[in-house]
Amino acid sequence: MKYDYLIVGAGLFGSVCAKELTAQGKRVLVVDKRTHIGGNIYTEDNDGIQVHKYGAHIFHTNDKDIWDYVNSLVEFNRFTNSPLANYEGNLYNLPFNMNTFYQLWGTKTPQEAKEKMLEQTKELNGKSPENLEEQAISLVGRDIYEKLIKGYTEKQWGRDCKDLPSFIIRRLPVRYTYDNNYFSDKYQGVPIGGYTKLIEKMLSGVEVRLNIDFLAQKKELMELADNVIYTGPIDEYFDNRLGKLEYRSLEFKTKVLQQDNFQGNAVVNYTERDIPFTRIIEHKHFDPVDTKHTVITEEYPSEWKVGDEPYYPINDDKNMQLFKQYRELTKSENVIFGGRLAEYKYYDMHQVIRSALNTISNLES
């Protein structure tokens, strides 16, 4: 059978494309090297608890069309992301707000907090920040930097903050209200029953083949379809001929605990450098269920190496130069490249959906 489209990757980008093309009457085949659909937003049921297998995913957007789009497929709850930071056993609210300032300094009014913040950020005395440490201190001061930013960031990137470029932290949210809602977007939530249900709806009526390594069978698979949409790593598509793009990776250690509630919150960051994980996720708080057990995951950032899952592109000058060279190579291919890995870009979920919808819309024009 000849297909109109072969889509490589059953993650969010590929699934949206598959849904839209199928609605147009196109014959679509989706292949994925994993044993499940959903890519990194895949959720797995553990006796009623929806486990985010590849880290916490919270849907948030100001784009009403995208919010309506996903809610037309599955029902979302009203989950509000309100993470906590644990530093030396003390808990602090995130993002930085009046609760955080009270916990740090005992300030109770916005005016008191602003005066304290002004005092804290004077340290650089007008000097232009030359690294991430100086940038953070210039924005929020020494106390917040030392307790809530330094250790977490160094674990995340595997480097000292003095060796990281200042542009990584262009700005930091500071709120002079007692509001622990991490995101400022108008719409926020998590699918009731997990993200896998969302992807299943998108792929309803679409032929999907799992456990298929596209790159190992590229020639024969591409012959099955008139058009190809590729969502995998762009450098791997070209056999890494110009070199490897770099990423940060993550390792997840998940535990099932025979207690109904471990930390009382979905996300708790551990901001000390000598605690090896960056955060603990307790999955049942994303999509609350009444169970006698709970499931937690510790997240360990790691240097990416071949064979690891690439999570965060390292968008420094060297890697972006290499990506641009690969992007030039795509112009000679009759293939559409889209999504986080193919575009070497960190995307939020709503941005992935918008990009996929735009991709399909451009095919029609």
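## Terms and ground rules

A residue is called buried when its relative accessible area is under 20%, exposed when it is over 50%, and partly exposed in between, using a 1.4 Å probe and protein chains only. Helices (H or I, at least four residues) and strands (E, at least two) are DSSP runs numbered from the N terminus.

This is a predicted model, in which local features need pLDDT of at least 70, side-chain atom pairs count only at pLDDT 80 or more, and totals for chains, interfaces and linings use all residues. Residues are numbered from 1 along each chain as its sequence is written, and side-chain values use heavy atoms, with hydrogens and water left out.

Let us start with an open sheet of five strands, whose order is 9-2-1-10-16 and whose pairing is parallel. Strands 9 and 16 stand at the edges with a single partner strand each, so one side of each has no neighbour in the sheet. On average, neighbouring strands here are turned by 20 degrees against each other, direction ignored. Two strands count as paired if DSSP finds at least two bridges between them.

Strand 1 (residues 3–8) runs parallel to strand 10 and is joined to it by five bridges. Leu6 stands opposite Val228 of strand 10, and Ile7 has Ile229 as its bridge partner there. Helix 1 packs on the sheet, touching strand 1, strand 2 (28–32) and strand 10, and its direction makes about 165 degrees with that of strand 1. Such angles run from 0 to 180 degrees between N-to-C directions, with axes fitted as lines to C-alpha atoms, for helices over the stretch in contact.

Strand 11 (residues 247–257) and strand 15 run antiparallel and are joined by two bridges, with Tyr247 opposite Pro313.

## Helix 10

Helix 10 (residues 349–364) has 16 residues and reaches 23 Å from its first C-alpha to its last, close to the 22 Å expected. That expected span is 1.5 Å times one less than the number of residues.

Its buried residues include Met349, His350, Val352 and Ile353. Which elements do the buried residues of helix 10 pack against? Among them are helix 1 (12–23), helix 2 (64–71), strand 10 (225–230) and strand 16 (335–337), where contact means heavy atoms within 4.5 Å.

Thr43 lies in strand 3 (residues 43–46) and counts as buried because its relative accessibility is 4%. Its side chain reaches the backbone nitrogen of Tyr195 at 2.9 Å. Beyond four places in sequence, the contacts of Thr43 include Gln50, His52 and Gly194.

Asn211 belongs to the loop between strand 9 (207–210) and helix 7 (218–222), and it is exposed because its relative accessibility is 56%. Asn211 and Arg34 are 177 residues apart in sequence, yet 5.1 Å apart in space, C-alpha to C-alpha. Among the residues that Asn211 touches are Asp32 and Lys33.

## Cysteines

How many disulfides are there? The count is zero, taking a disulfide as a pair of cysteine sulfur atoms within 2.5 Å. Cys17 is buried because its relative accessible area is 0%, and Cys161 counts as buried because its relative accessibility is 0%.

Definitions and conventions
A polar contact is a pair of N or O atoms within 3.5 Å; within protein, one must be able to donate a hydrogen and the other to accept it, and residues adjacent in sequence count only if both atoms are side-chain atoms.
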